Amino acid sequence: MISFLLNNEITTIDKARADLTLLEYLREQQTLTGTKEGCASGDCGACTVVLAEVINSSEQTSSSLEYRAINSCVTFLSALHGKQLITVEHLPDGKDLHPVQQSLVEHHGSQCGFCTPGFIMSMFALYQKTQQPNREAVIQALSGNLCRCTGYRPIIDATLSACQNKSPDKFKQTEIQTVKQLNDINTHNVSTDNLLVPTSRLELAAAKTKFPEANVFAGSTDLALQVTQQLNSFDKLIALGEVPELNELVEQQQGLLIGAALPLGKIESSLLKHFPQLSELLWRFAATPIRNQASLGGNVANASPIGDMPPAMLALNAMINVDDGQQKRTIAANKFFLDYRKTALQKSEWIESIFIPYTSPTNVVRAYKISKRYEDDISAVCAVFNAQIIEGKVQRINSGFGGVAAIPATVPALNTQLIGKTWSNKETFELGNEILKQAFSPLDDVRASKTYRISMLANLWKRFWLETNHSTQNIETRVVHIPSISEEAPHA
Ligand SMILES: Cc1cc2nc3c(=O)[nH]c(=O)nc-3n(C[C@H](O)[C@H](O)[C@H](O)COP(=O)(O)OP(=O)(O)OC[C@H]3O[C@@H](n4cnc5c(N)ncnc54)[C@H](O)[C@@H]3O)c2cc1C
Ligand code: FES
Ligand code: FES
């Protein structure tokens, strides 16, 4: 039984289609039609809702609520368990609009109004989350919302104005009560008939044995597209979100251990603390509401040749920890991707966690993503380089590439042939260029032509060499400022 607060009403779901999306549930079963359907694929933000979750922080004596905007069109119902689901209908306080709504009115931020509820929910999540967001933080928060008529400036201004002049709203005033209601929700027997929600690795193994054909899912941002875009249906599904081992995040002595089901939004500050060079890749991964759901485990298990995290996992020598409930084993990232969308996972196994070893100060790491749109777009080409240079000589070069082969791939020859070479020598750069030219024969598709992908690969290699080469420091490459978490004001 899935139990949650729907706005401020305790709600339970005993029976439902396994693949019912949250958007369908809201619009068709709860007639909460303020939440709109645009693309049904996580791309437009019309369906944005907010989940509030109890956080028991070790630094704080009392629990608080953490708010995140998600796309209801690509979310299955198990994501609601134990949380408060807030829809646009619940924002006003009596006759008074919520401050973000009032601000949008005052800044003339809505014309036809179709996108407006979705924008409002993203604005609301930011309002709850940050104290004094800057313009870049606002743009990030709204990155998953499209507006086709108003234009973004008034919406951004409205968000800035509301968030920078905020006062305690009704949500803040009733926070203690909401935390209590959520804490009282029974965390056992979360499953419904069709949607299995195991709460331990043994229960997960049992569910997989009982229903060997049932798909597992974490954030469902990939799997739900099979329902909403390809019109497939799933009779049974197994959610990974309540299994404790898949939700751990541990900064170990040798590296970072990331539970496979944790959304990217929850791991970004630890990930960027240890691997700040991944910031562009992470901030340009889909958009905020998708990152609030999408897991690292799902991105790796999906094994898409254009996924953004597999190239990083390859270049950083990540280890994939897998489990079947009886036995755990570890697979190196460079042995994990076998063929197009085929991985080394056995049918009975799942990814439990991913371990990324810390790099040493002598490593230079860069991650590049080329896509048609800056935000909310899949890579045409992705390249991640991790070179260890000691006293000007190459000790090791690990790499990972997306968009250039049927699988996320590494190029071992870059390592074997460049070891011992002087990094600043033009010949070293040219040898690497030649190796990369021979390494791949990419496909033409809607995202990019083969020629474009090959020339991008060469350009990214050149960029890496220029950016990391002290003797060419003065050569400018395009630098884009991506706000880091630490630049945002601390949480309210
Ligand atoms: C609008 C939009 C934009 C996107 N943009 C990007 C982007 O910029 N870059 C990018 O790389 N991807 C992007 N994606 C794809 C998707 O968000 C990612 O692949 C995401 O990381 C998948 O994680 P998930 O938890 O949602 O996976 P799910 O949908 O839950 O699962 C995906 C697949 O992995 C399997 N799986 C999930 N977890 C596990 C596990 N622990 N063990 C074994 N199998 C598992 C599932 O069975 C399923 O087959 C985008 C998707 C959308 C809808
Ligand atoms: S309807 Fe477009 S993102 Fe959900
Ligand atoms: S106001 Fe019409 S799409 Fe945004």
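A crossing of two helices is called left-handed if the near helix is turned anticlockwise from the far one by less than a right angle, and right-handed if clockwise. Keep that in mind for the helix pair below.

## What you're looking at

This is a predicted model, in which local features need pLDDT of at least 70 and side-chain atom pairs count only at pLDDT 80 or more, while totals for chains, interfaces and linings use all residues. Residues are numbered from 1 along each chain as its sequence is written, with chains lettered from A and ligands numbered from 1 in the order in which they are written.

## The whole chain

There are 17 helices and 18 strands in the chain; helices (H or I, at least four residues) and strands (E, at least two) are DSSP runs, numbered from the N terminus. A compact globule of 492 residues would have a radius of gyration near 23 Å, and the chain agrees because it has 23 Å. That radius is taken over C-alpha atoms, and the globule rule is 2.2 Å times the number of residues to the power 0.38.

Of the 492 residues, 46% count as buried. Buried means 20 or more other C-beta atoms within 10 Å of the residue's own, exposed means 12 or fewer, and partly exposed is in between, with C-beta atoms placed from the backbone.

Helix α2 (residues 99-106) and helix α3 (residues 116-129) have axes that come within 9 Å and cross at roughly 125°. So α2 is oblique to α3. Axes here are lines fitted to C-alpha atoms, for helices over the stretch in contact, with angles from 0 to 180 degrees between N-to-C directions; under 35 degrees is roughly parallel, over 145 roughly antiparallel, 65 to 115 roughly perpendicular, and the rest oblique.

The crossing of α2 and α3 is right-handed. On the α2 side, Pro99, Val100, Gln101 and Leu104 meet Thr116, Ile120, Met123, Phe124 and Tyr127 of α3. A contact means C-beta atoms, placed from the backbone, within 7 Å.

## Two residues with positive phi

Ala286 isn't a glycine, yet its phi is positive, near 45°. Ala286 sits in the loop between α11 (279-283) and α12 (288-291), and counts as buried because it has 22 C-beta neighbours inside 10 Å.

Arg341 also has a positive phi, about 55°, without being a glycine. Its place is the loop between β13 (337-339) and β14 (342-343). With 13 C-beta neighbours inside 10 Å, Arg341 counts as partly exposed.

Terms used. Contact = placed C-beta atoms within 7 Å.
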